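Please read these notes with the sequence and the model side by side. Each point takes up one topic.

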Amino acid sequence: MKQGIILYGFAQGSVYQAAVSKIENDRVFFKIKNMYGETFLAAYFVTGGNMNLHQVFKKGNITEVTVISHCNPRKTHYGLHLLVSPKILPIDRYINAHAVGSIVKATIDSLQGSVMNLRLADNVYCSAKRCKKARTGTEICCKIERYNSHKRTISVKVLQ
């Protein structure tokens, strides 16, 4: 990622240490200090997926985050200064253990029309085309086809 604008002492695309201050349903709030000792509020908003943030993050823990964009705190509901993304999530650990092209076992978590949601591991989910005899809770074999590191999504092909 190309480094961009520097605001509040944080460069866009750079990695910083942040402390978890609050965890809500689909967002995690962080407090980040710049080089001058000033504290700023940042947030990570989870898009899609079934990740349980309370299992991944603990209040007070220090986490490395990448600055995605700067915000105007007067125009945001939470008074945010930064939007960030954690450097390592459970899906990153899973893909490090299971490379693209490997065959893994998954459990069918839910069925929605022609799509089924698969649970690969704790807090690691993906979607696939529904197979003929799909039932919730059934374990199936899948091949990892692709991994998008920017969107943090895994694409699988069901082997049945």
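1. Helices (H or I, at least four residues) and strands (E, at least two) are DSSP runs, numbered from the N terminus. By that rule the protein chain has 2 helices and 12 strands. Their order along the sequence is β-β-β-β-β-α-β-β-α-β-β-β-β-β.

2. A word on the source: this is a predicted model, in which local features need pLDDT of at least 70, side-chain atom pairs count only at pLDDT 80 or more, and totals for chains, interfaces and linings use all residues. Residues are numbered from 1 along each chain as its sequence is written, and side-chain values use heavy atoms, with hydrogens and water left out.

3. Overall dimensions come next. The C-alpha trace of the protein chain spans about 60 × 30 × 25 Å along its principal axes. Its accessible surface (Shrake-Rupley method, 1.4 Å probe) is about 9800 Å², and carbon and sulfur atoms hold 50% of that.

4. Buried means under 20% relative accessible area, exposed over 50%, and partly exposed in between (1.4 Å probe, protein chains only). Of the 160 residues in the protein chain, 38% are buried. Contact means heavy atoms within 4.5 Å. Among contacts with a separation of 6 or more, 54% join residues 24 or more positions apart.

5. What does helix α2 pack against? Helix α2 covers residues 90-97, and its buried residues are Pro 90, Ile 91, Asp 92, Tyr 94 and Ile 95. These buried residues pack against α1 (53-56), β8 (103-112), β9 (115-121), β10, β11 and β12 (153-158).

6. Is Arg 135 buried or exposed? Arg 135 sits in the loop between β10 (124-129) and β11 (139-148). Its relative accessible area is 54%, so Arg 135 counts as exposed. Apart from neighbours within four places in sequence, Arg 135 is in contact with Ile 108 and Leu 111. Asp 109 is 26 residues from Arg 135 in sequence, and their C-alpha atoms are 8.9 Å apart.

7. A pocket is an open set of points on a 1 Å grid over the protein atoms alone, where a 1.4 Å probe fits, with protein on both sides within 12 Å along at least five of seven lines; lining residues have an atom within 4 Å of a point. The largest pocket has a volume of about 1000 Å³. Its lining has 35 residues, and Tyr 44, Leu 89, His 150, Lys 151 and Arg 152 lie nearest its centre. Two or more lining residues come from each of β5 (39-45), β6 (62-70), β7 (82-86), α2, β10 and β12.

Terms used. Points joined across faces, edges and corners; volume = space filled by probe spheres on them.
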